[in-house]
Amino acid sequence: MRKNYETYSVFTPSQPAELTFVDREQVNKQLVDSIRTPGRQLVIFGFSGSGKTTLINNKLNQLYSEVIESQCTKGTTIDQLKLEAFDALDKYYISEVSNTNGSEISASLKSVYAEIRAASKVQKGEKYTRVVPLQLTDKRLAEFIGESNACWKIEDFHKVGKEHKQRLAQIMKVFMDTSQVYKTTKIIAIGAVGTGKEIVEYDNEMSERISEIFVPLMSPKELENIITKGEKLLNVHFPKYLKNKIIAYSNGLGAICHQLCLSMCTNNNIYETAESRHKFLETDLDLSIEDYLNQKYATLKSAYEKATKTSKKSKYGTKEILKAIIRLNKSEVSSEEILDELRNDIHDYPSNTLTTYLNHLTSIDREEVLRVNADSKEYFFSNPFQKAYMELKFSKEKQTKAVGSVQISANELFSLIAARQQFENDFDDSDEIFQHNYDLSDL
Ligand SMILES: Nc1ncnc2c1ncn2[C@@H]1O[C@H](COP(=O)(O)OP(=O)(O)OP(=O)(O)O)[C@@H](O)[C@H]1O
Ligand SMILES: [Mg+2]
């Protein structure tokens with residue numbers, strides 16, 4: 001009999017994938033080798049939504065018995081992280097849960113743990129607060145984690161302040177040294193940024209013992225594998241031409257791929273594995289795109305506003321740059337091409353202003369509407385729907401000559417996207433995907 005799966009656990013736009021997890025060929029070997037090498041610390045980085053958490057969770061699941069998990073937000077300190085990790089060990093040291101290896105934690109370490117635990121609670125007036133007691137040295141923490149056969153995974157480490165990034169490097173050094181006794185003890189720091197050094201600020205002398213692993217956006221093949229896995233689990237069929245369209249709309253982002261597939265299923269009342277094989281039609285994809293736009297409309301709008309906001313002081317804005325990139329009508333463009341295009345309109349556009357604004361547009365402050373390809377140094381829109389939103393907005397502003405106050409609706413956006421029917425069956429021709437149905441020189 002066919003096994004039954006829930007649609008919401010197969011397609012997971014807002015969660016790390018498990019059932020549809022696809023291995024990331026490009027980084028798999030380096031990642032697995034680094035996890036297996038005693039003492040090696042890991043820094044995992046890549047664009048937001050590229051699949052870092054999914055990848056590391058699945059690999060740690062395969063290779064590690066225990067994981068201590070920490071999550072950072074702006075303002076998180078190393079002391080907070082140390083305390084959190086320390087508390088997460090309670091279950092091995094206090095509650096007598098034996099770790100999955102079945103190995104026992106030494107009695108002497110247990111008593112040290114209990115002492116430190118008591119010392120970490122200090123009374124201030126009526127209340128108790130927590131502090132990192134002197135005894136909870138970096139070395140002690142590494143030993144506690146090592147003794148429980150665990151590693152320490154720290155998510156979103158790019159959000160913490162500079163001094164903490166330097167401190168984590170020192171702690172990593174201690175974890176490296178501790179691995180002589182505890183082979184598994186290890187820190188894995190993850191961040192949604194373009195370089196490893198933006199996550200942990202370590203010295204060159206440590207670089208041999210730290211692996212920086214870049215998780216790229218998902219390739220068309222990997223996205224296709226997500227859909228194919230989902231098809232098998234749910235007994236549904238996405239014809240090849242629909243797969244290609246979903247892949248193109250996803251533009252390397254697994255979340256869009258999962259979201260479109262999920263809505264196609266739920267719109268057809270497929271909430272679990274179908275009894276008889278269900279084949280999707282073009283109209284199903286159209287409907288799911290409409291759903292996506294309705295659901296994300298406010299996000300697209302606010303990202304547009306953040307990306308194009310100008311200060312009164314500056315002579316130029318980011319809008320001209322975005323328009324120029326759209327006019328260039330290519331999947332990726334170099335800064336030289338953008339500058340040439342800009343100077344067709346504004347002859348003296350300064351190249352350093354362009355550099356500054358391109359850096360802004362790829363930053364979180366401007367919602368990362370653009371991304372830069374680390375190899376080719378070329379720029380591209382992170383989300384095709386965001387690009388379509390901008391195109392529509394700019395073209396309406398141009399038509400009505402009313403800048404700023406022009407409103408566009410989710411329906412209009414859908415019409416624009418739906419009008420671009422010319423998806424090629426062969427994905428190699430994906431550059432054709434966002435062919436325009438109006439004259440780009442209008443912008
Ligand atoms: N290898 C994979 N196989 C299947 N789906 C994946 C894979 N990687 C990522 N996804 C899907 O892509 C989306 C984003 O993945 P994930 O949350 O892991 O990215 P991230 O890089 O950790 O994002 P952020 O920077 O926002 O933390 C999720 O919907 C996830 O289910
Ligand atoms: Mg993540």
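This is a predicted model: local features need pLDDT of at least 70, side-chain atom pairs count only at pLDDT 80 or more; totals for chains, interfaces and linings use all residues.
Local features need pLDDT of at least 70, side-chain atom pairs count only at pLDDT 80 or more, and totals for chains, interfaces and linings use all residues. Residues are numbered from 1 along each chain as its sequence is written, ligands are numbered from 1 in the order in which they are written, and side-chain values use heavy atoms, without hydrogens and water.

**Exercise 1.** Describe the surroundings of ligand 1.

*Solution.* 
- Start with the shell. Ligand 1 is surrounded by 22 residues (a heavy atom within 4 Å). Thr-12, Gln-15, Lys-52, Thr-53 and Thr-54 are the closest.
- Sort the shell by type. Nine residues are nonpolar, 11 polar and two charged.
- Look for polar backbone atoms. One of Gln-15 is 2.8 Å from an oxygen atom of ligand 1. One of Gly-49 is 3.0 Å from an oxygen atom of ligand 1. For Ser-50, a backbone N or O atom lies 3.2 Å from a ligand 1 oxygen.
- Check the cover. Alone, ligand 1 exposes 630 Å², and the protein buries 86% of that (Shrake-Rupley method, 1.4 Å probe).

**Exercise 2.** Find whether Glu-368 and Lys-377 are buried or exposed.

*Solution.* 
- Take the backbone. Phi is near 45° in Glu-368, a positive value in a residue other than glycine. Lys-377, also not glycine, has a positive phi near 60°.
- Apply the cut-offs: buried is under 20% relative accessible area, exposed over 50%, partly exposed in between (1.4 Å probe, protein chains only).
- Conclude. Glu-368 counts as buried because its relative accessibility is 13%. Lys-377 reaches 54%, so Lys-377 counts as exposed.

How values were computed. A polar contact is a pair of N or O atoms within 3.5 Å; within protein, one must be able to donate a hydrogen and the other to accept it, and residues adjacent in sequence count only if both atoms are side-chain atoms. Ala, Val, Leu, Ile, Met, Phe, Trp, Tyr, Cys and Pro count as nonpolar, Asp, Glu, Lys and Arg as charged, and the others, Gly among them, as polar.
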